[in-house]
Amino acid sequence: MRRAAARAARRLRHRAALARLAALLPLPFVYAAVALAAIKVLGLGAQAEARLILGGIGLVAVVAVAVLLAWLRRPPRWAGALLLDQHHGLSGRLTTTLELAETPPAERSPLAALAIEDGVSACQKLDPRGAVPVPLPRELAWAVPLLGLVVAIGLFEIRTERVIPPPPTFEPLVLTDDDLELFGRMAEELAQQAQDPGSLAAIRRFNTLVEDIAARRLDRKEALARLSELDADLGRALEAEREARELGLDGIASGLQRSGLTRAAAQAFEERRLEDAEKALRELAERLKRKDKKPSAAELARLRQAMEQASRASSERLQAIEARRRELEAERKSLLRKHGKDAKGAESDPAVADNRRKLERLQRDKAQAEAAAREMSELDRQLAEAARELEKALGKSAEHIEQGAEDVQRMARKAMSEKEKRELLQRLRDLKEIVRRQGQGGADRQRQIARFTRRARGQQGGGGDQPGKAGARLVPGVEVDVVPIPKIARVPGQGAADGAPGNRGGGDPQGPGAQPRSGAEAGKSHDANVRGEATAPPVGETRDVTAAGIDTGEGTASAEVIYGAAERGFVGKPYRDVFVQYETVAEEALEKDEIPPGHRFYVRRYFQLIRPRE
Amino acid sequence: MGETERVREEVETFQRRIGALREEIGRVIVGQRAVLDGVLTCMLAGSHALLEGVPGLGKTMLVRTLAGALGLEFSRIQFTPDLMPADIIGTVVLEQSAEGRNVFEFRRGPVFANVVLADEINRATPKTQSALLEAMQEHRVTVGRTTHALPEPYLVLATQNPLEMEGTYPLPEAQLDRFFFKLEVPFPSREELHAILERTTSDQRVEVRPVLTREDVLAMQDLVRRVPAPRHVQDYAIRVLQATHPNGEGAPRSVTRYVRTGASPRGVQAMLLGAKVRALYEGRFAASIDDVRATAKPALRHRLLLSFEGEAEGVRPDTLIGDILDAVPAAKD
């Protein structure tokens with residue numbers, strides 16, 4: 001009886017667990033359906049999908065735990081027995097028997113004993129399975145369509161139109177052959193002039209860049225990036241070299257100031273006239289060699305001091321910087337010690353910040369001084385040797401001074417090479433500006449430039465556009481938005497286009513040579529051709545005496561050359577001469593006058609376009 | 001003979017006697033088995049019953065027959081509005097003794113009988129109704145300074161008409177609580193009515209013979225008290241009682257809504273004692289949950305005080321008890 005009751009109780013647990021499962025099972029299915037639909041329709045990312053899957057696993061775990069808890073929960077004590085009683089119609093005999101049997105026999109009343117006996121006899125065949133059926137809950141039926149729904153959603157394919165981004169198009173930077181030829185020739189010229197390896201390397205890089213553009217291997221963005229990089233490298237190198245040399249020269253100059261024999265050289269060094277400094281040093285060496293003009297002992301002593309001082313200037317400066325750096329380091333350590341481990345406090349301390357700034361500045365000064373010392377190392381060595389030999393043998397000292405002069409010459413050459421670098425830098429910036437503006441005008445502008453360059457080379461413009469008429473503009477057929485070429489003043493006899501009161505018609509329709517007539521009275525109306533006839537200069541018959549350039553007054557006039565160039569192209573020696581004259585004036589004006597940098601480009605670009613062609 | 005066997009024989013005797021009693025009463029009363037069993041249960045539990053039914057259903061006849069079959073003294077009190085407490089309890093009267101002296105003598109009222117029929121109890125004033133309180137609860141009455149014991153077994157069977165409310169005095173809750181069961185006397189079925197007609201409109205004269213003695217009844221009452229009620233049965237009865245209270249544990253929604261006050265502990269006593277009697281009726285030796293369920297309605301229906309809403313909606317207490325029995329699980333920890 002007890003076993004039957006226990007089995008019935010166990011079946012009750014099964015039933016409870018099954019009921020809980022039936023109640024909760026739709027939840028994971030619904031979740032799975034919604035999550036699958038969301039993943040398929042919304043196209044969530046991998047992270048969101050992972051979260052949804054984790055959520056599903058969590059939900060399944062929750063359901064499993066809930067079902068397990070339902071199974072573990074013990075039913076009320078006599079639940080199984082009562083159900084058996086009910087199933088077998090025992091009117092509570094079984095439960096009563098089981099409960100009363102727990103009382104020790106001695107304590108049982110006769111009626112209790114009778115009840116147990118009655119129960120035992122009545123409960124012969126007990127059927128826990130029948131008493132506690134464990135049917136599949138009706139709610140489980142929901143799980144089947146839900147499972148079907150999940151499978152259907154899983155199998156359902158949503159066709160999404162994936163937009164495949166077009167492959168990145170490479171649009172090479174296209175410069176006109178004319179421009180490429182210009183920059184290529186510039187690089188060639190600069191390479192021929194270059195004297196030091198640094199300049200040559202920079203020119204090579206520039207030339208490679210131009211070649212790459214010519215081969216259409218670069219797009220606009222990349223070309224600009226490489227130009228900017230080259231610009232920055234060249235600018236930095238130039239600045240560093242200049243500063244180092246000037247620092248070294250200042251040190252040498254201040255040392256040589258101490259002696260009257262080297263004062264001229266010191267002055268030249270100070271004013272950066274290296275050729276003069278070289279010359280002054282050579283003269284000093286000559287004087288030391290010559291016995292007739294031998295300096296006095298006092299002069300020689302001062303000279304020795306001066307040369308020693310000059311040779312030590314760079315190293316002394318370095319030592320001073322190093323000493324100051326050590327002081328600042330010690331100060332920094334002391335300040336940081338004061339703050340202990342409080343890193344934030346140290347960061348916010350103005351004294352620490354000031355110290356850090358000074359150290360950084362000193363570090364820059366040190367690097368500069370080291371560069372200056374390297375730059376002046378040979379000159380310093382020669383001056384030191386010369387000072388040492390001054391007491392022993394003047395001849396040897398003079399030789400060392402001459403070698404020092406040689407080194408100054410090297411420095412002068414190097415300074416010259418800086419000019420090449422500056423020139424290269426300027427060309428680089430021009431090219432950069434051309435590239436930058438290249439995209440602004442569009443294809444029409446490109447065509448115009450191409451046509452212009454063809455005409456500039458003496459070829460006829462084509463491509464369907466009307467060629468410009470000679471004389472209408474200096475550069476025919478091109479709408480150039482650059483600074484216009486200086487106008488050639490009208491010569492007398494060409495006829496003014498402006499009418500004047502009392503002078504009907506004003507302009508002489510007959511052309512050159514006609515005298516303006518004075519009216520006897522005020523004019524009542526005006527000539528239909530108010531502007532007069534177009535100017536028709538008789539080439540070869542007139543002589544231009546005023547032009548916006550320098551006219552020597554000899555040979556063919558500048559205006560004639562320019563007119564000729566407009567028709568035949570920018571070729572020929574006369575045009576080259578006129579161009580050089582004009583460009584020289586323009587360059588001088590650019591150097592001297594306050595012209596905004598943006599406008600300078602227009603001027604330079606203009607001259608690039610009208611430069612003489614081979 | 002062992003104790004167990006003796007008790008077994010007692011139980012068998014109990015069943016034989018009950019059978020004989022039913023048979024004897026059945027010779028006069030047609031049908032009304034449930035009412036008869038309820039009345040017998042009340043008697044065997046040593047308590048009282050309230051019978052409610054329309055006039056003419058044989059309530060008085062049932063009680064009278066029962067008293068006759070039991071061989072017990074029977075009295076009938078017809079409650080009227082002018083009935084005074086002394087009319088039912090008795091009164092002291094001045095009498096002349098044999099010696100010729102005037103003495104006060106207590107004249108016992110109709111409550112001094114083994115079976116008292118309080119007919120149409122709700123027609124008397126509350127004062128008179130209350131006069132029955134001590135008699136029903138204590139089985140004794142006090143007049144002046146003298147307490148008079150009532151004969152044992154003592155059974156009050158009160159009747160009331162549920163239809164005629166004019167000029168009636170509904171029983172106070174305290175008095176209602178003293179009735180063990182409230183039994184509703186149903187209208188007879190057609191077959192029963194045929195039998196009633198046969199018996200009452202012919203020349204048949206049925207005389208009821210006493211089948212039990214006063215001692216038999218007392219022995220049966222003693223046996224009932226000895227029937228064991230297992231703990232789980234008591235627990236079930238208690239949980240049913242708790243569920244009759246609007247705020248009680250396990251109370252169904254209808255109870256919360258329509259009941260003002262639930263049953264008193266006398267309710268659970270009535271259920272359990274009734275269950276014991278029922279177990280003996282069925283030849284079992286211990287009360288069961290089924291017995292408690294069977295006695296719940298007569299034991300609780302007069303102990304539920306309905307709320308205004310319940311009264312207004314005409315909710316029947318039996319419906320509420322049915323809800324309670326449905327709601328309370330047989331087993332609970």
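Me: Which residues have the most contacts inside the largest nonpolar core?
Reply: Those are Phe14(B), Leu44(B), Leu66(B) and Met271(B), and the core holds 98 residues. Keep in mind that this is a predicted model.

Me: Good to know. Which helix gives the largest share of this core?
Reply: Helix 11 of chain B, residues 265-281, which contributes nine residues.

Me: And what does Leu44(B) touch, not counting residues up to four places away in sequence?
Reply: Leu44(B) touches Phe14(B), Ile18(B), Met220(B), Gln221(B), Val224(B), Val277(B) and Tyr281(B).

Me: What other core lies apart from it?
Reply: One of 33 residues, which includes Leu256(A), Ala266(A), Leu281(A) and Ala412(A). As a general point, nonpolar side chains tend to be buried together in soluble globular proteins.

Me: Let's step back to the chains. How many helices and strands are there in chain A?
Reply: Chain A has 21 helices and zero strands. Of its 614 residues, 36% are buried.

Me: And how many in chain B?
Reply: Chain B has 14 helices and 11 strands. Buried residues account for 51% of its 333 residues.

Me: I'm thinking about contact order. What share of the contacts in chain B between residues at least 6 apart in sequence join residues at least 24 apart?
Reply: In chain B that share is 76%. For chain A, with the cut-offs again at least 6 and at least 24, the figure is 72%.

Me: On to the strands, then. What is the order of the open sheet of five strands in chain B?
Reply: The order is 2-5-8-1-9, and the pairing is parallel. Strand 2 (74-78) and strand 9 (181-184) are the edge strands, each pairing on one side only. On average, neighbouring strands of this sheet are turned by 20 degrees against each other, with direction ignored.

Me: How many bridges join strand 2 to strand 5 in chain B?
Reply: Five, and the two strands run parallel. In that pairing, Ser75(B) has Val116(B) of strand 5 as its bridge partner.

Me: What about strand 5 and strand 8 of chain B, how many bridges there?
Reply: Four, again in the parallel sense, with strand 8 covering residues 155-160. Leu117(B) has Leu157(B) in strand 8 as its bridge partner.

Me: And strand 1 with strand 9? How many bridges join them?
Reply: Four bridges join strand 1, residues 49-52, to strand 9 in chain B, and they run parallel. Ala49(B) is partnered with Phe181(B) of strand 9.

Me: Changing topic: how many residues of chain A are in contact with chain B?
Reply: 20 residues of chain A are in contact with 24 residues of chain B. The two chains bury about 1700 Å² between them, with 70% of it on carbon and sulfur atoms.

Me: Which three residues supply 34% of the area that chain A buries against chain B?
Reply: Ser91(A), Leu111(A) and Leu114(A), more than any other three residues.

Me: How many salt bridges are there between the chains?
Reply: The count is one salt bridge between chain A and chain B. Arg8(B) forms a salt bridge with Glu117(A), and the closest N and O atoms are 2.5 Å apart.

Me: Ser91(A) came up just now. What is its phi?
Reply: Phi of Ser91(A) is near 50 degrees, a positive value in a residue other than glycine. Ser91(A) is in the loop between helix 4 (79-88) and helix 5 (93-101) of chain A.

Me: Why does Ser91(A) count as buried?
Reply: Because its relative accessible area is 18%, and the cut-off for buried is under 20%.

Me: Where is Gln32(B) found?
Reply: Gln32(B) sits in the loop between helix 1 (3-26) and helix 2 of chain B. Phi of Gln32(B) is also near 50 degrees, and Gln32(B) counts as buried at 9% relative accessibility.

Me: Last one, which residues does a cis peptide bond join?
Reply: Glu152(B) and Pro153(B), with omega about -10 degrees. Pro153(B) is in the loop between strand 7 (146-149) and strand 8 of chain B.

Note on methods. Residues are numbered from 1 along each chain as its sequence is written. Chains are lettered from A and ligands numbered from 1 in the order in which they are written. This is a predicted model: local features need pLDDT of at least 70, side-chain atom pairs count only at pLDDT 80 or more; totals for chains, interfaces and linings use all residues. Side-chain values use heavy atoms; hydrogens and water are left out. A nonpolar core is a set of buried Ala, Val, Leu, Ile, Met, Phe, Trp, Tyr and Cys residues joined through side-chain atoms within 4.5 Å. Buried means under 20% relative accessible area, exposed over 50%, partly exposed in between (1.4 Å probe, protein chains only). Contact means heavy atoms within 4.5 Å. Two strands pair if DSSP finds at least two bridges between them. Axes are lines fitted to C-alpha atoms, for helices over the stretch in contact, and angles run from 0 to 180 degrees between N-to-C directions. Buried area is the accessible area (1.4 Å probe) that two parts lose on being put together, summed over both. A salt bridge is a side-chain nitrogen of Lys or Arg within 4 Å of a carboxyl oxygen of Asp or Glu.
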